[in-house]
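Hi everyone, thanks for coming. Today I'd like to walk you through one protein chain, a few residues at a time. Please have a look at it first.

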Amino acid sequence: NGALMATNGKEPVKMPIEEVQEVVTAPVVVPPDGGWGWVVMMASFCCNIIVDGIIFSAGALLKPVKDEFLVSDAEVALVTSLLSGFYLMAGPFVSALANRWGFRPVTMMGATIAAVGFSTSYFASNIVHLYITYGVIGGIGFCLIYMPSVITVGYYFERWRALATGLSLCGSGIGTFIFAPLTDYLITEKGWRITLVIQGAIILLCILFAICFRPIKPIQVPIDQVAAAEKEKLYEDALEKRLAQSEPDSVNNTWMGSNHNNHHPTASEVFRGSGQDLNGTSKRASEDRETQTPLMPAALELRPVGETDEADENGALLDGETRPVIVPMRRHTVTERESSRPGSRRVSTTSNPRPLYRDDIFFSGSVARLPQYQSQTSLAYHMSVTRLPTQQDMREEKETSCRLCPQMVTRTLATMLDINLLKSPTFMLLALSGFLTMMGFFIPFMYLVARAVAQGMDKQVAVFVLSSIGISNTVARIGCGVISSIKGVSPLQVNNIAIALGGIGTIFSGYSMSQGFQFTYAAIFGIAIACFSALRSIIVVDLLGLEKLTNAFGILMLFQGIAAAIGSPIAGAFMSMTQSHDAAFWLSGTLMTISAIIIIPLKAIKRWEDARNDSKSLTKSSA
């Protein structure tokens, strides 16, 4: 047996077959933890300035639009509430697109869509036109900018994740501080139509910022394809068995055409390196290591992203303390050389890592809080939170098939919108709390200036009160990052206290219109919303675990988007009935206070739920 090779005019010569060592690999992203990541953080910061700054200053549009179209307070409030609602509701769908196309193109697409929506609002002849162009189209465009810009920061950082994410989200507060007076000035000088066109032009700057969102080049770790297939089959069998026991007529959760991420193995579960523990502990005798080849050299020096050649879009950084991974090679007989490296061939399952296949992609806190990170090395941790693509996923990428919903999209949606999580009392109470908070969240931004001016405060001072919410928001976000990293401090309790104080402060915010009182209220409210936004993912992980974070985040965004869409119109209706701006603040404050009170017993409910689940498991195993 052998290969025939033709020579110049001579008989073919039989060449001996060549053994090529084949290693099937899967991509695992290890954040560079610096370098180009700080540029990404600044680009995300600028995107947040524009997106959140425009959203939080949108209240300035209410009066001129209401006066021109002669509509009620509730009808005009729906214009801005649709913007903030779709900005949140579109989150799961935008995440799926980012998983397929990457952060950079999705952000660019979002900036274009939002700019078109704002610019075409210039031609609005009725309020419904604004609902569609400004509210729906603008909101979806903003979500296409916001989601990738926030996720990509965590994707670039490990040890400094909490700091980098916190700094990027400070753009929200800075944006409020900048855009509140800017929007008021533009509307006063140019009118609301020209203002929206100018804002549309400003939004296009996000295209330039998105250029900084370079995809990270993953490292390739060897996997056992047989083990991967077996592991996936075990997940599917276990799921079918569980569903059959609970609901005999139910079928596998494939309503999106794919299974939940948790039904697929992680890279560490099918890591083809039985001779070496991922944490560097040998499991074999030293003489067996002679048949092994290191995946990475012990002294591998990886360069920071963005500081290397431009041709190399990405060079990932590894923690210097990460130990080399030792893997046994698998030999295959092939008839031709497929690699420029003699005697070896590396076959990657996919060249494009899927960000949403990571369990920790939405975690904005310090990874040092996670038990998975504390108990193993950096590389081992990233392998343990990275889910592998399926054969269908790899085939779709290889064939570059232009399908409307490839598996990398449907699998992300199936993970983020898995309704099985609604069976958890702990999650449902947390979701209800978030729903109530978000109903009242945007109301003060919409009506604070109008109420102050109606009661005699100078308009410029009132606008600066609104801007000061952004200042306290910025400071509080940094403070939340510090507090949440302190041992013994409960993020849930910090959140409850902050939201309760913000709610009570909002209820009594109309007690006095003095400048000192209003600035104090603005500071309290800014701290409250900062804690709510900054601690949400940390609370979810503490209560439900890292493996349910993506699922919880997707459903929470839907809940909160719906709440944001209906909160301000309801407040507008209250104002019309009572002929008082204070009614809107009473509603907002009451909703926020109730949201804080109902989750006080959340940890006790979690313990009860865990005990109930353990009891059910014991009953099933004994049966």
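**A buried aspartate and its surroundings**

Let's begin with aspartate 359, which counts as buried because its relative accessibility is 7%; buried means under 20% relative accessible area, exposed means over 50%, and partly exposed is in between, with a 1.4 Å probe and protein chains only. Before I go on, a word on where this comes from: it is a predicted model, where local features need pLDDT of at least 70 and side-chain atom pairs count only at pLDDT 80 or more, while totals for chains, interfaces and linings use all residues. Residues are numbered from 1 along each chain as its sequence is written, and side-chain values use heavy atoms, with hydrogens and water left out.

Back to our aspartate. Where is aspartate 359 placed? You'll find it in the loop between β8 (344-348) and α11 (371-374). Those labels are DSSP runs numbered from the N terminus: helices are H or I with at least four residues, and strands are E with at least two. The side chains of aspartate 359 and arginine 387 are joined by a polar contact of 3.1 Å. A polar contact is a pair of N or O atoms within 3.5 Å; within protein, one must be able to donate a hydrogen and the other to accept it, and residues adjacent in sequence count only if both atoms are side-chain atoms. Setting aside neighbours within four places in sequence, aspartate 359 is in contact with residues including Asn262, Ser384 and Leu546, where contact means heavy atoms within 4.5 Å.

Serine 384 deserves a stop of its own. It sits in helix α12 (residues 378-384) and, with 19% relative accessibility, counts as buried. Its side chain reaches the backbone oxygen of tyrosine 381 at 2.6 Å. Leaving out residues up to four places away in sequence, serine 384 touches Thr266, Ser268, Asp359 and Gln376. Serine 384 and valine 28 are 356 residues apart in sequence, and 9.8 Å apart in space, C-alpha to C-alpha.

Now for some loop residues. Leucine 70 lies in the loop between α2 (62-69) and α3 (73-89). Its phi is near 50 degrees, a positive value in a residue other than glycine. Is leucine 70 buried or exposed? It counts as exposed, because its relative accessibility is 73%. Serine 72 lies in the loop between α2 and α3, and is partly exposed, with a relative accessible area of 32%. Serine 72 and glycine 572 are 500 residues apart in sequence but 8.0 Å apart in space, C-alpha to C-alpha.

Glutamine 579 is found in the loop between α20 (549-578) and α21 (582-598). Glutamine 579 is not a glycine, yet has a positive phi of about 55 degrees, and at 68% relative accessibility it counts as exposed.

Finally, let's step back to the whole chain. How many helices and strands are there in the chain? There are 22 helices and eight strands. Of the 623 residues of the chain, 55% count as buried. Among contacts in the chain with a separation of 6 or more, 84% are between residues 24 or more positions apart.
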